[in-house]
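These are my notebook entries on what I looked up in this structure, written in the order in which I went through it.

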Amino acid sequence: MIEVKNLSISLGDFSLKAISFEVKEGEFYILFGPTGAGKSVVMETIAGVLVPDGGRILIGGREVTRLKPEKRDIAICYQDYALFPHLTVEENIRYGLKYKDPGSEFFPRLVSLLGIGPIMKRYPENLSGGEKQRVSLARALMVRPKVFLLDEPLSALDSHIKDQLMRDIKQLHQEFQMTTLMITHSFQEAFFLGDRGSVIHEGRIQQTGTMEEIFLRPNSPFVANFVGLKNVFKAEVFHHLAVDTPYVGIRPENIRLHKKKTPASYSGVVTEISDMGSYFEIVIAAEMGRVTALTMLGGYVRDHFKIGDPVHFTFNTRDIQRIPEYSG
Amino acid sequence: MSGRMEKLYIFSLLSGWVIIFFVAFPIINTFTWTDPALVIEAMKDPQILKVIFRSMRTATITTAITALFAIPFAYYVVRHDFKYKKFVESVIDIPMVMPHTVAGIALLTVLSPKSFFGRFLVANGIEVLGTEIAIVIAMAFVSLPLMFDAAKEAFKWIPPRLENVSRSLGASHWSTFVRITLPLASKDLISGMIITWARAISEFGAVIMLAYHPMIAPTLIYERYTTYGMTYAVPVTVILLILSLLIFIILRLVSVNQFRKGV
C-alpha cells in the first residue's frame, strides 16, 4: 500500500539516505529509532509536507512523490494532537467531511468506539491529554484514509493512559484494518502494536523485519542495544563457543547471579544496584566488559550483594544471540 | 506572596508611579485646560470636522492598503526560511527608526517633479503632491512596519502542524488558510490594523512634507497653535485625543486572543 523507494532528503545538518521500505495493505508498520533518527522526516515526506530530494513514494500503486498533501488520501496524528483550538471536539472530528464522505453512520460508530461521546461540545483546551489524542484519532479516521500516519501518538501521555490508548489503537486497527504507519522510540509500543517495521538511525534504515525478528535477531550492535539487549560483546570473548558472527548479545534477564564461583561461571564486581520497582538491575564490571543483569528477586539481591562485592554469573549458551555486524 | 517586601521592588514600584504620572498627567491636563463649550463649538465647526474626517479616511485607506500587502507577505515570511530573510525583514522595519522629516524628504526625492518618477507623474497628468494620495503614501510609509510586524506575530504562534493536519484531511492550502489560519490569527491581525491606523492618524512630519494641504488633524493643530496659540489649538486636540482613546479602548477589548493558550 505504501512503497518508499530510495528516499533521500537534506534538511540543514540532517539528511535521510536512500530509505526504502514497503507497507502492505492493512498492515501495522512501525518506524522506530531514537529521537532525532529521522523518523518524523520520513513521515512528513509521506504526508507530503516535505518534498524529497530524491526517491519515490507510492500509495496504493499511485505515484504521490510530488503530490500535495490533500491529494494523497492519508491522515496524520501527531504527538501533540494538533487539535484545532477554535473548534469544538465535534467540529474537529467532522472537519474533513467537507472533502470526504464516510457515510452518515460512521461518525456515531467512531465516537462510541473511542468513548468520546460526552465531550463533543467541549473545546480542546478543556480536554485531558488522553481525550485530546482520542479526538485526534477520531478526526483522522473520520475521512477513512487509505493510509493512517501516527507520529509518536503516545509519547506525551502518562503511563496508565498510554497503556489504555495503546490497546485502543490496536482495537481500532483490528476493527478498520487500515494501513498504518506509526513512528515511536518505544520498543514496547512497537512490539505490542506492530506487525512489521524498520529500525532507523542516523537517517538510515538499520533493519527491517517482523517485530519478532528484530527483537530476537537484531542485525547490529545498535539495534541489539535499542531493543533492550543490553549486553553486546565481540564474539571472540566467547571463542570456545564457536560463534560465526562478529558480535553476540545476552539479554539482562538471562544472566544469573551467584555468590559462589562455579566451573562455568564468569566473575566480576558489582558497580551499580538499581531498584526499578518491579525488578532490580545490577551492573557488573567483568573481564568481558560491562554486564547488566535483571532479577525479580529483590530480597536475594539485598541480602547477598552490595556495590564493590565480587559476583559470579552464568548464562545458558542457548540464550546467546548472534549479531552480524552492520554493513550499511 | 509573603508579607516581606524586597527593597528592589520598592524601587520598582516607585518608578511605576513616576511613569504613570508622567503619562497620565499631561493627558488629563489637556481636558482641564479648555472650556468644554469651546470643544463643543469646535465639534460643530465644518472646517474642523472636514479635517478630522479626512484624517480618519486617509488613515483607514492606509490601513487597508498596508494590510493587503503586509499580511500575505508576513505569512510567507513566517512559514519559510530563505536566504537574506533577516535582511528583508530589517529593510521593512527601517521606517520605524527614521525621523519622520527624513521619511518625508526620502519620499519627496521620488515624488518631486524634479525626480524621474515625479516627471513621469506630471507628464501623465497624475497629481500626487498636495493631494490625499500623498497623505496616504506618507502614512503608509511610516506605518507599514507596524502592520508587517503585527501580522508576523499573528501567524508565528500558529503551529504549522495544524495546517498539515487540515491538508491531510483533504483541505486545500487556500481552504486551510481560510478555515484554520485566518480564524486563529484574526484577533491579532485586527489589533495590528488598529495599531497601524493609530500610527497613520498621528503622523505629522512626513505628511506635511508631501501635503501641507489638504490638511489633516495634526497639521491643523500645529497651524492653530503657531498662528493663534493654545486657546485655539486645544479644542481640536481634545477631539483628536478622545478619538485616540476610543481606538485604544477598542484595541484592548479585541486584543485578547483566547486560542493562544492550549496550542
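I began with A:Glu202, which I found in the loop between strand S9 (196–201) and strand S10 (204–210) of chain A, where helices (H or I, at least four residues) and strands (E, at least two) are DSSP runs numbered from the N terminus. Phi of A:Glu202 is near 50 degrees, a positive value in a residue other than glycine. A:Glu202 is exposed because its relative accessible area is 56%, given that buried means under 20% relative accessible area, exposed over 50% and partly exposed in between (1.4 Å probe, protein chains only).

For the record, this is a predicted model, in which local features need pLDDT of at least 70 and side-chain atom pairs count only at pLDDT 80 or more, while totals for chains, interfaces and linings use all residues. Residues are numbered from 1 along each chain as its sequence is written, chains are lettered from A and ligands numbered from 1 in the order in which they are written, and side-chain values use heavy atoms, with hydrogens and water left out.

I then turned to A:Arg144, in the loop between helix H4 (129–141) and strand S7 (147–151) of chain A, and noted a positive phi there too, near 45 degrees in a residue other than glycine. A:Arg144 counts as partly exposed, because its relative accessibility is 40%.

In chain B I looked up the peptide bond from B:His213 to B:Pro214, which is cis with omega near -10 degrees; B:Pro214 sits in the loop between helix H10 (205–210) and H11 of chain B.

Next came helix H12 (residues 230–254) of chain B, whose 25 residues should span 36 Å at 1.5 Å a residue, and whose end C-alpha atoms are 35 Å apart, which agrees; the expected span is 1.5 Å times one less than the number of residues. Among the buried residues of H12(B) I listed B:Pro235, B:Leu240, B:Ile247 and B:Leu251. Their cover includes helix H1 (7–33), helix H3 (46–79) and helix H9 (173–202) of chain B, with contact meaning heavy atoms within 4.5 Å.

Last, I asked how many residues each chain gives to the contact. Chain A gives 26 residues and chain B gives 23. The area buried between chain A and chain B is about 2200 Å², of which carbon and sulfur atoms give 61%; buried area is the accessible area (1.4 Å probe) that two parts lose on being put together, summed over both. On the chain A side, A:Glu70, A:His86 and A:Tyr95 lose the most area to chain B, together 30% of what that side buries.
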